[in-house]
Amino acid sequence: MDTLPYVVQTTFPLLFMLVPALGALLSCSRRAPGRPAAEIWQRWWAVGALGIGSLWITLAFLAVPDAMADTIGFAHSPFQFEIAFANLGLAVLGFRGASASPRERLTSGLAAAVFLWGAAIGHVYQWFANGDHAAGNTGGILANDILIPAVMIALAARTSAAPAPAAAMSPARPSDRASS
């Protein structure tokens with residue numbers, strides 16, 4: 001095994017988390033007052049990590065399925081076509097996150113968790129049961145499978161738990177004031 005290509009292949013998926021994190025940090029430093037940082041992070045994470053990352057996987061499985069199977073250490077299979085379209089579904093959910101409500105982004109995170117955490121379990125099983133240390137089975141892709149949905153869910157929960165800004169709250173009706 002040539003070390004440099006292995007390191008590049010195993011760490012490349014981490015870019016799908018690093019780039020949105022840097023974008024969110026920069027955007028938060030210039031955010032408008034009253035706009036929650038968690039919302040900015042959610043949007044960057046949904047589009048960058050889930051959307052672009054899943055679209056990349058979709059295109060890779062459609063364009064070079066045999067190379068993808070080899071990178072993961074799995075046998076070539078017609079199921080790779082199905083994996084491509086499962087990832088396309090995740091990409092659509094991620095891109096939808098750009099304009100979605102916190103509740104919709106939570107739902108996207110939960111949907112991503114179902115597929116990606118299941119994939120992570122499969123990767124870990126192959127790692128320990130069969131010694132599969134292929135670049136696409138452990139490392140960056142495993143971190144993505146676990147962290148992308150976890151961060152989406154955590155950010156959505158944080159945004160949902162945050163109190164509404166005072167400017168967004170409606171004024172009390174006269175009948176509400178009279179009863180207090």
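H3 passes H6 in a left-handed crossing, a label used when the near helix is turned anticlockwise from the far one by less than a right angle (clockwise would be right-handed). The helices here are DSSP runs of H or I with at least four residues, numbered from the N terminus. This is a predicted model, where local features need pLDDT of at least 70 and side-chain atom pairs count only at pLDDT 80 or more, while totals for chains, interfaces and linings use all residues. Residues are numbered from 1 along each chain as its sequence is written, and side-chain values use heavy atoms, with hydrogens and water left out.

Back to that crossing. Helix H3 covers residues 37–63 and helix H6 residues 102–130, and they pack at about 40 degrees with their axes 11 Å apart. The axes are lines fitted to C-alpha atoms over the stretch in contact, and the angle between N-to-C directions can run from 0 to 180 degrees. That makes H3 oblique to H6; under 35 degrees would count as roughly parallel, over 145 as roughly antiparallel and 65 to 115 as roughly perpendicular, with oblique for the rest.

Who touches whom? From H3 come Glu39, Gln42, Arg43 and Leu50, and from H6 come Pro102, Arg105, Ser108, Ala112 and Leu116, where contact means heavy atoms within 4.5 Å. By class, that contact has four nonpolar, two polar and three charged residues. Ala, Val, Leu, Ile, Met, Phe, Trp, Tyr, Cys and Pro count as nonpolar, Asp, Glu, Lys and Arg as charged, and the others, Gly among them, as polar.

A search of the whole structure finds two salt bridges, each being a side-chain nitrogen of Lys or Arg within 4 Å of a carboxyl oxygen of Asp or Glu.

The contact includes Leu50, Leu55 and Phe61 of H3 and Phe81, Leu88 and Phe95 of H5. Its residues divide into 17 nonpolar, six polar and no charged.

Methods
Helix = DSSP H or I, 4+ residues; strand = E, 2+ residues; numbered from the N terminus.
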